[in-house]
Amino acid sequence: MVSMIIGEVANFAAYAYAPAILVTPLGALSMIISAVLAHYFLDERLHIFGVIGCALCLVGSTTIVLHAPHEIPIKSVKEVWLLATAPGFLVYACIVLIVVGILIYRYVPLYGGTHLVIYVGICSLMGSLTVMCVKAVGIAMKLSFSGSNQFVYFQTWFFTILLFGFILLQLNYLNRALDTFNTAVISPVYYVMFTSFTILASMIMFKNWDHQNASQIISELSGFVTIFSGTFLLHKTKDMGTPAATDSPKLSSSSASSRNEGPTRSEL
């Protein structure tokens, strides 16, 4: 639990120093570390498909790091406020909130228990706005620690309130999804949808791709697709290394003994 808290704090800090288009996809590296540690400490065999999935995640992460856009210099939380209130991002935020409202009040009661995309869609859409608030609060904290107090502006507190509200809503429906569907199915689908919407929101709000050429953008997209492929491969084949039906000899012997006992009881 302590290591998880440290990791989340570090992840929060990363958004203050690097663009979200770089930080969010690199979350796939945690799956590689988990797979390797589980192989050595939990006796979960890492088969050939797991190794290939880890390699794909590493290659995709390296590609993204090499071609990621640079963080735009921001000297005040007011600059983040101007980016968040630009027409393009306001349209995106309104569309997200309208779609989430329709999903919650119209489709969750009807299809929430049978269609995975309902819960995961709510979490992913709200997650993209959550990351933008995390980045705004992270930048405000970074500037405040450097001597320029940003908590005197109402924009900082507005982003903070939105951050907690979005997190609670996101965790609520993520827990519902995990209670209803298989985790092995939830994890890759949620990762892909959350990362995709976060990249879209970051591209609209911070305009990360405005100063990049076509080859850099294509390289980043190739890295995303490579990470997605490795993530799906890791989750879809994670049970292939476990021995199947370890109790089958016992079952066969017990069934054989029952067959042997059958005639004796009938004779009695």
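Q: What makes F194 a buried residue in this predicted model?
A: F194 has a relative accessible area of 16%. Buried means under 20%, so F194 is buried.

Q: Why does Y190 count as buried?
A: The relative accessibility of Y190 is 17%. The limit is again under 20%, and Y190 therefore counts as buried.

Q: Why is the aromatic pair of Y190 and F194 called stacked?
A: The ring centres of Y190 and F194 are 5.6 Å apart, with 20 degrees between the planes. Rings pair if their centres lie within 6.5 Å, and planes under 30 degrees apart count as stacked.

Q: How many aromatic pairs are counted in the protein?
A: The count comes to 10 aromatic pairs. Ring pairs also link W81, F154, F158 and F159 into a cluster.

Q: What makes K135 a charge over the ring of F206?
A: K135 lies over the face of F206, at 5.5 Å from the ring centre.

Q: What is the corresponding distance for R106 and Y107?
A: R106 lies over the face of Y107, at 5.9 Å from the ring centre. This distance is also within 6 Å.

How values were computed
Residues are numbered from 1 along each chain as its sequence is written. This is a predicted model: local features need pLDDT of at least 70, side-chain atom pairs count only at pLDDT 80 or more; totals for chains, interfaces and linings use all residues. Side-chain values use heavy atoms; hydrogens and water are left out. Rings of Phe, Tyr and Trp (its six-membered ring) pair if their centres lie within 6.5 Å; planes under 30 degrees apart count as stacked, over 60 as edge-to-face and the rest as tilted. Buried means under 20% relative accessible area, exposed over 50%, partly exposed in between (1.4 Å probe, protein chains only). A charge sits over a ring if NZ of Lys or CZ of Arg is within 6 Å of the ring centre and within 35 degrees of the ring normal.
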